[in-house]
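Please read it alongside the sequence and the coordinates.

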Amino acid sequence: MQPKTLFEKLWDAHLVAPEAAETPATLYIDLHLLHEVTSPQAFQMLRERGLKVRNPHRCVATMDHSTPSLPKNAHGDYPFVDDQAKAQVAVLERNCEEFGITLHKLGSMGQGIVHVIGPEMGLTHPGATIVCGDSHTSTHGAFGALAFGIGTSEVGHVLATQCLLQRKPKTLAVEMTGALAEGVTAKDLVLALIAQIGVGGGTGHVIEFRGEAVRALSMEARMTLCNMAIEAGARAGMIAADDVTFSYLEGRAGVPKGDAWHQAVEKWRYFASDPDATFDRTVTLDASQVRPMLTYGTNPAMAIPLDGTIPADTTGGMHAKALAYMQFHAGESLLGKPVDVVFIGSCTNSRISDLRQAADVFRGRRVAPTTRTLVVPGSRWVKEQAEREGLDRIFLDAGAEWREPSCSMCIAMNGDQLKPGELAISTSNRNFEGRQGPGGRTLLASPITAAWAAVAGRVQAQTTQIPKEFLV
Amino acid sequence: MKPFIKLTSHTAVLPMAHIDTDQIIPARFLKVTDKEGLGKKAFHDWRYLPDGTPNPDFALNQPINKAAKILVAGDNFGCGSSREHAPWALLDFGFRAVISTSIADIFRNNALKNGLLPVVVPEDIHQHLLSRPGVQVSIDLEREYLEIEGGPGTRFQIESFARYCLLVGKEPLDYLLDQDPLITAFETARA
């Protein structure tokens with residue numbers, strides 16, 4: 001038998017019809033995740049054409065982008081940023097009711113960022129195909145799934161037929177050798193990778209993350225890594241499932257129990273690249289050389305080690321335009337830059353381990369008086385778990401804001417946003433111009449780096465002494 | 001689906017590389033539940049100054065670029081999110097084609113499903129187009145050929161099924177719906 005990559009095994013196992021010169025493959029989709037922003041027009045299309053949802057049980061919806069990160073107000077209402085946001089959420093409720101789709105509503109135990117709740121509920125399975133009208137669907141690839149973002153037309157295709165028309169992408173092996181140093185996280189690893197291969201470096205490819213540095217990561221760290229595969233332009237990012245994956249999934253609501261669990265694990269073990277499988281391209285990265293990373297520009301590839309200096313222009317006009325927007329110049333260090341806002345959250349870094357890392361920094365310290373800090377858990381479950389562990393007290397005692405689950409300031413749709421000119425360190429995934437609010441300036445970093453910046457009120461190396469007045 | 005066969009228009013040029021979907025349409029305008037009128041918000045934060053008046057320095061605000069149906073953009077156009085609002089906004093603004101040296105995967109897929117043609121051209125043709133904003137360009141989808149008035153021409157490629165759908169105005173969903181027996185057979189075999 002021809003050796004196959006993980007991607008090829010997933011692809012072949014989901015072919016309803018193979019591709020031909022004139023027609024793409026028809027690929028079966030196991031799990032379709034939905035949210036309020038990219039689904040309304042797809043449901044409307046179904047209605048206009050008199051179509052049903054083919055498999056409502058393969059669809060799961062939540063609300064996360066337009067939802068407030070503040071609890072209900074004194075009148076018992078959610079403080080939506082405007083009527084349009086409120087209406088969009090109401091439309092999702094109506095659509096899910098009409099078409100028989102499970103919806104994790106605002107305030108319910110299952111609600112949260114779509115890419116946080118899927119794995120948390122055990123809905124994300126190795127060997128599965130998973131789509132969502134959201135580019136960060138690549139997150140689910142951490143479980144050995146083929147998971148990618150689609151547009152609203154394709155959301156309609158999957159609702160109506162459970163299938164997508166796809167041309168087979170190329171494969172890119174990213175071999176990560178060595179071990180991460182203390183204080184260096186999956187976020188730093190993926191920023192270093194994107195800086196190496198560029199924001200278009202993965203275009204047309206599905207990335208498989210491999211090697212000892214990847215195997216050593218926890219499930220939540222693997223999700224952070226795969227989450228940002230799209231920031232290198234990749235169609236998807238994936239990691240073959242192993243015992244780390246299985247022990248994360250075991251006992252969760254969405255996975256089989258008893259004998260069926262063991263059978264499932266045996267089946268899932270098949271979904272790994274064969275030893276002799278070949279990839280269209282291979283990139284290597286020595287994880288032991290990666291240091292805490294920080295972006296300085298307006299795309300995620302414009303990243304440097306925290307204590308590095310902004311490089312000279314190598315990219316033509318883009319670089320100069322980005323630096324002008326960021327109010328930085330080539331050759332300078334970011335250390336010591338005053339930070340107005342720290343945002344800890346998003347589908348990249350809002351899971352319980354991210355919050356624990358941030359809390360370790362905040363414990364016994366205070367947020368600098370000049371820095372506003374938001375901690376936004378990725379899901380209701382993460383929020384309650386953090387509260388069981390007392391992390392909320394640590395954040396609140398430090399002077400940070402402890403919010404409700406939402407995409408929040410990552411995408412700035414719900415009113416959580418930067419003011420023009422403000423500089424933020426964010427644990428999110430995009431530092432595009434205006435991403436966190438018009439005129440806002442974003443530095444992407446890990447939760448540890450972000451938390452240190454919050455207590456210092458400026459960009460600083462993790463080991464630097466905190467001014468005494470900020471200690472509780 | 002709006003058919004796309006041939007298009008002749010002058011170009012508008014945005015030469016920056018990596019124009020992301022947050023620039024094409026900022027996220028705060030995604031709270032709509034329909035597709036209409038998004039052209040008003042296309043490139044909003046580049047197009048308007050903080051006081052809401054048009055930014056005179058932004059290329060698409062300049063008279064030479066008015067009514068251009070072809071956008072020539074820097075490398076890796078449309079990177080970022082999966083929002084189909086990006087091609088909806090560009091179409092509503094008046095564009096029917098985007099030309100670059102590379103176009104991000106999800107954006108390209110979304111554009112093709114809406115009759116906005118994503119055309120990838122070689123570096124030399126791209127340079128020629130970037131240096132001549134407003135030049136007349138003809139795009140022939142049937143022949144997969146792009147011609148610059150008074151300049152060079154080039155072949156380009158559009159995925160064969162998407163090309164067929166664009167030429168005849170067929171909805172890809174109809175093709176998928178016709179595969180119902182195959183889909184049922186797949187589901188039965190796996191059950």
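## Strands of chain B

In chain B, strand β1 (residues 6-14) is joined to β5(B) by 5 bridges, and the two run antiparallel; strands here are DSSP runs of type E with at least two residues, helices are runs of H or I with at least four residues, and both are numbered from the N terminus. Two strands are taken to pair if DSSP finds at least two bridges between them. Within this pairing, Thr8(B) has Ser138(B) of β5(B) as its bridge partner. Strand β5(B) is also joined to strand β6 (residues 145-148) of chain B, through 4 bridges and again antiparallel, with Asp140(B) and Tyr145(B) as bridge partners. The hairpin of β5(B) and β6(B) has 4 residues between the strands, and Glu144(B) in this hairpin takes a positive phi near 50 degrees.

Burial is counted from C-beta atoms placed from the backbone: a residue is buried if 20 or more other C-beta atoms lie within 10 Å of its own, exposed if 12 or fewer do, and partly exposed in between.

## Basis of the model

This is a predicted model, in which local features need pLDDT of at least 70 and side-chain atom pairs count only at pLDDT 80 or more, while totals for chains, interfaces and linings use all residues. Residues are numbered from 1 along each chain as its sequence is written, and chains are lettered from A and ligands numbered from 1 in the order in which they are written. The mean pLDDT (the predictor's confidence in each residue, from 0 to 100) of chain B is 97, and 100% of its residues reach 70 or more. For the complex, the predictor gives an ipTM of 0.97 and a pTM of 0.97.

## A parallel sheet in chain A

Chain A contains an open sheet of 5 strands with parallel pairing, in the order β17-β16-β15-β18-β19, and its edge strands, β17 (401-402) and β19 (441-444), each pair on one side only. Strand β18 (residues 423-426) of chain A is joined to β19(A) by 4 bridges, in which Ala424(A) is partnered by Thr442(A) and Ser426(A) by Leu444(A). The pairing of β15(A) with β18(A) comprises 3 bridges, and Phe343(A) stands opposite Ser426(A) there.

Both faces of β18(A) are covered, with Leu423(A) and Ile425(A) buried on one side and Ala424(A) and Ser426(A) buried on the other.

## Core and chain contact

The largest nonpolar core has 209 residues, of which Ile194(A) and Val98(B) touch the most other members; such a core is a set of buried Ala, Val, Leu, Ile, Met, Phe, Trp, Tyr and Cys residues joined through C-beta atoms within 7 Å. Helix α6 (residues 186-197) of chain A gives the largest share of this core, 9 residues.

Between the chains, 43 residues of chain B are in contact with 57 residues of chain A, contact meaning that the C-beta atoms, placed from the backbone, lie within 7 Å. Among the elements of chain B that each supply at least two residues of this side are α4 (105-112) and α8 (180-190).

## An exposed helix residue

Arg94(A) lies in helix α3 (residues 83-99) of chain A, and Arg94(A) is exposed because 11 other C-beta atoms lie within 10 Å.

Note on methods: Two residues are in contact if their C-beta atoms, placed from the backbone, lie within 7 Å.
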